Amino acid sequence: MMPAPTFAVVGHPNKGKSSVVATLSQNDAIAIALEPGTTRKRHTYPLKVDGRTLYTLVDTPGFQRPRRVMQWLEAHSVSASDHTDALRAFVTQHQGDGRFTDECELLTPLLEGAGIIYVVDGSVPYSPEHEAEMTILRWAGRPSLAVINSIGVDDYSDTWQAALGQFFQVVRKFDAVRASFAQHLSLLRAFGQLEPAWEVPLEQAIQHLSDQRLHRRRQAALLIARALGDMMSYREKRTLTASQTTETSDGTLADQLRKRWYRNQRKREQTLRVDIEHLYQHQRIERQEAELEWHSEHDLFSEDSRKAWAVSKRYLATAGFGAGAVSGAGIDALTLGSSLGTGALVGGLIGAAGSYFYGDRLALPALNIGALRDGLKTATFGPVQDSQFGYVVLGRAVDHWWHISHRNHAGRDLLDLEPADHHWLENLGKSDRHDIQKAFDKCRKQQPLDERQREKFSLAIEQAMAVYDDWRLNRT
Ligand SMILES: Nc1nc2c(ncn2[C@@H]2O[C@H](COP(=O)(O)OP(=O)(O)OP(=O)(O)O)[C@@H](O)[C@H]2O)c(=O)[nH]1
Ligand SMILES: [Mg+2]
């Protein structure tokens, strides 16, 4: 097996070197900060897929005294043929010299065979003060690529391009925070063309990363399907003793169960969020998202999430939303007063059957209080009978997945999840709609899905994710 290539990411302090390393190595633990001098020691980050290292990035401190280094090098070199030797001599002689700690740190990986990724900020004008460091790097005689990473809004990449082209074999624009997966791969491909020995390993790396991306999408669909199954079939249950029965009014009981039911649903949704983030190697995301919430006795969600994520009547009609679904919600709700009888229902469904059917409103699950038996009485709340609940949870989940799957590991800003203004699920094909609705129907009846149904369910969700991806792409 060919050795995996190593790239040292070098440049001026505070230009986004660590950000480039974080993105290319899919590691969000790397320190990135506004202050120059954040990285003090070189540090190696391998990119591993299935336990195999595809390539390694070395994060380094920025140049501190490039002109002084250059003076030394020129004084110790006779001709271009000894440039690399001069560089090696410099590092050997200055190990432990406090003035050149950073230079020794950043030059060492190059002397050990790393390729060069030189990072500049394209949002500030080019200035010749970079020439000393670029010359030093040229003396290393390693395959070299310069990336123009723009930290601010202004764009001086043209002048940078011309200057960098004098020193580096390839010059690319690459925004560490916003670069797409395709741009990431294209950077690797460019490197493969610089060094014949790296061409094969980097082609393989590209293949592995592409496979990993597909695999992750499939895994994400499975995670979402599992969470939806749990949430759609979830039932809160409480057993009361005879004395508790006399102490607790049905209204209080209904309240308690409903609150617990909601708490559990929120918790399950949060677990899904974290699972998806970990799948994409995001370990420390700060997220802002409207909670799953309800606003009134009859309403499962806030107006906003309903508008954003509930599907239309037309969608439901084509999803095979049928008679079976109506009967569950069509049961007449009894009033609180008569709720001591067997199978009595309180709250939740009052007036909800009609609205449930039309999908304008999200009905709460029913409370069910059993008869007193052996001094015990069991009350249950759920599962939810309104499949819009599933569509809201699905919509939110796919939206979150999309942000995560497109987020670079250099991203440090808050992940702000705003509800969409249009339900992209309306672009989903009919058979996928059927498979999703069918799974919802089985869950709310608490019937287990067989293996084939589970597979169809998660494939349909994966299709929904692809539809969302397209919709996003066409929107911007
Ligand atoms: N908007 C934006 N900000 C960026 C980008 N790259 C880096 N930054 C910001 O620039 C600052 C410096 O980024 P780092 O990656 O820490 O830079 P560095 O070159 O490693 O810095 P030192 O280790 O201190 O030499 C941080 O505040 C980053 O958030 C980018 O592509 N876009
Ligand atoms: Mg750094």
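Helices (H or I, at least four residues) and strands (E, at least two) are DSSP runs, numbered from the N terminus.

This is a predicted model, in which local features need pLDDT of at least 70 and side-chain atom pairs count only at pLDDT 80 or more, while totals for chains, interfaces and linings use all residues. Residues are numbered from 1 along each chain as its sequence is written, and side-chain values use heavy atoms, with hydrogens and water left out.

Helix H8 (residues 196-233) packs with helix H10 (residues 250-279) at an angle of about 170°, their axes lying 10 Å apart. H8 and H10 are therefore roughly antiparallel to each other, a description used for angles over 145 degrees. Among the residues that make the contact (heavy atoms within 4.5 Å) are Arg216, Leu223 and Met231 of H8 and Arg268, Glu269 and Leu279 of H10.

Side chains of opposite charge can pair when their charged atoms come close. A salt bridge here is a side-chain nitrogen of Lys or Arg within 4 Å of a carboxyl oxygen of Asp or Glu, and by this rule the count comes to 22 salt bridges. Three of these pairs are set out below.

| Pair | N to O distance |
|---|---|
| Arg42 and Glu105 | 3.5 Å |
| Arg273 and Glu289 | 2.9 Å |
| Arg396 and Glu289 | 3.6 Å |

Arg42, in the loop between helix H1 (17-25) and strand E2 (43-49), and Glu105, in helix H4 (residues 101-111), are 63 residues apart. Arg42 counts as partly exposed at 33% relative accessibility, whereas Glu105 is buried at 12%. Glu289 lies in strand E8 (residues 287-289) and Arg273 in helix H10, so their pair ties together parts that are 16 residues apart in sequence. Arg396 belongs to helix H15 (residues 387-405), 107 residues apart from Glu289. Arg273 is buried at 0% relative accessibility, and Arg396 is buried at 6%. Glu269, Arg273, Glu289 and Arg396 are linked in a network of salt bridges.

How values were computed:
Chains are lettered from A and ligands numbered from 1 in the order in which they are written. Axes are lines fitted to C-alpha atoms, for helices over the stretch in contact, and angles run from 0 to 180 degrees between N-to-C directions. Angles under 35 degrees count as roughly parallel, over 145 as roughly antiparallel, 65 to 115 as roughly perpendicular and the rest as oblique. Buried means under 20% relative accessible area, exposed over 50%, partly exposed in between (1.4 Å probe, protein chains only).
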